Amino acid sequence: MCTLVRLIDLILNLYSWVLVIYIILGLLMSFGVINAYNRFVNIVYEALQRVTEPLLQPVRRMLPHTGALDFSPIIIFIGIWVVRSLLLEYAYVPACGGVLAN
């Protein structure tokens, strides 16, 4: 049970980092810091987009349109935080008797 809980926590942590990298890369591309026409940049951005968009799109549909501001990653981060907190409280501590290391 401990291994499964740690694996789920690791996946949620990695997804958080992928989301952060996707946001930063998108900002750097939109402000012209990174060349958006570079093939490597496009491949990395498209891969990140394919990983993050399945969760971001449903959240974007539920949120009101705010123009250029996209609050969907914040909602995803809050959701990940809630799931990790519930995982820690209800699965890890009773089964393993410890605290997850971040």
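Since the model is predicted, local features need pLDDT of at least 70 and side-chain atom pairs count only at pLDDT 80 or more, while totals for chains, interfaces and linings use all residues. Residues are numbered from 1 along each chain as its sequence is written, and side-chain values use heavy atoms, with hydrogens and water left out.

**Overall fold**

- The protein has three helices and zero strands, where helices (H or I, at least four residues) and strands (E, at least two) are DSSP runs numbered from the N terminus.
- Along the sequence that reads as α-α-α.
- With a radius of gyration of 17 Å, well over the 13 Å that the globule rule gives for 102 residues, the protein is more spread out than a compact globule; the radius is taken over C-alpha atoms, and the rule is 2.2 Å times the number of residues to the power 0.38.
- Taken along the principal axes, the C-alpha atoms fill a box of roughly 50 × 35 × 20 Å.
- Buried residues account for 25% of the 102 residues (buried is under 20% relative accessible area, exposed is over 50% and partly exposed is in between, with a 1.4 Å probe and protein chains only).
- Of the contacts (heavy atoms within 4.5 Å) between residues at least 6 apart in sequence, 53% join residues at least 24 apart.

**Helix α1**

- The buried residues of α1 are V5, D9, L12, Y15, S16, L19, Y22, L25, G26 and M29.
- An α-helix has 3.6 residues a turn, so residues three or four places apart point the same way.
- After α1 comes G32, with a positive phi near 80°.

**Three residues to look at in α1**

- S16 sits in α1, which runs over residues 2-30, and S16 counts as buried at 12% relative accessibility.
- Leaving out residues up to four places away in sequence, S16 touches F77 and I80.
- W17, also in α1, is exposed, with a relative accessible area of 53%.
- The C-alpha atoms of W17 and E46 are separated by 16 Å, and the two residues are 29 apart along the chain.
- D9 is another α1 residue, and D9 is buried at a relative accessible area of 7%.
- D9 and S85 are 76 residues apart along the chain, yet their C-alpha atoms are separated by 9.7 Å.

**Pockets**

- On a 1 Å grid over the protein atoms alone, a pocket is an open set of points with protein on both sides within 12 Å along at least five of seven lines, where a 1.4 Å probe fits; lining residues have an atom within 4 Å of a point.
- The largest pocket holds about 290 Å³ of space, with volume being the space filled by probe spheres set on grid points joined across faces, edges and corners.
- Its lining is Y22, I23, G26, L27, Y45, L56, R60, A68, L69, D70, F71 and P73.
- α1 and α2 (39-62) each supply at least two residues of that lining, and α1 gives the most, with four.
- By class, the lining of the largest pocket has nine nonpolar, one polar and two charged residues (Ala, Val, Leu, Ile, Met, Phe, Trp, Tyr, Cys and Pro are nonpolar, Asp, Glu, Lys and Arg are charged, and the others, Gly among them, are polar).
- The second largest pocket has a volume of about 160 Å³.
- R60, L63, P64, H65, T66, G67, A68, L69, D70, F71 and S72 line the second largest pocket, which by class makes five nonpolar, four polar and two charged residues.
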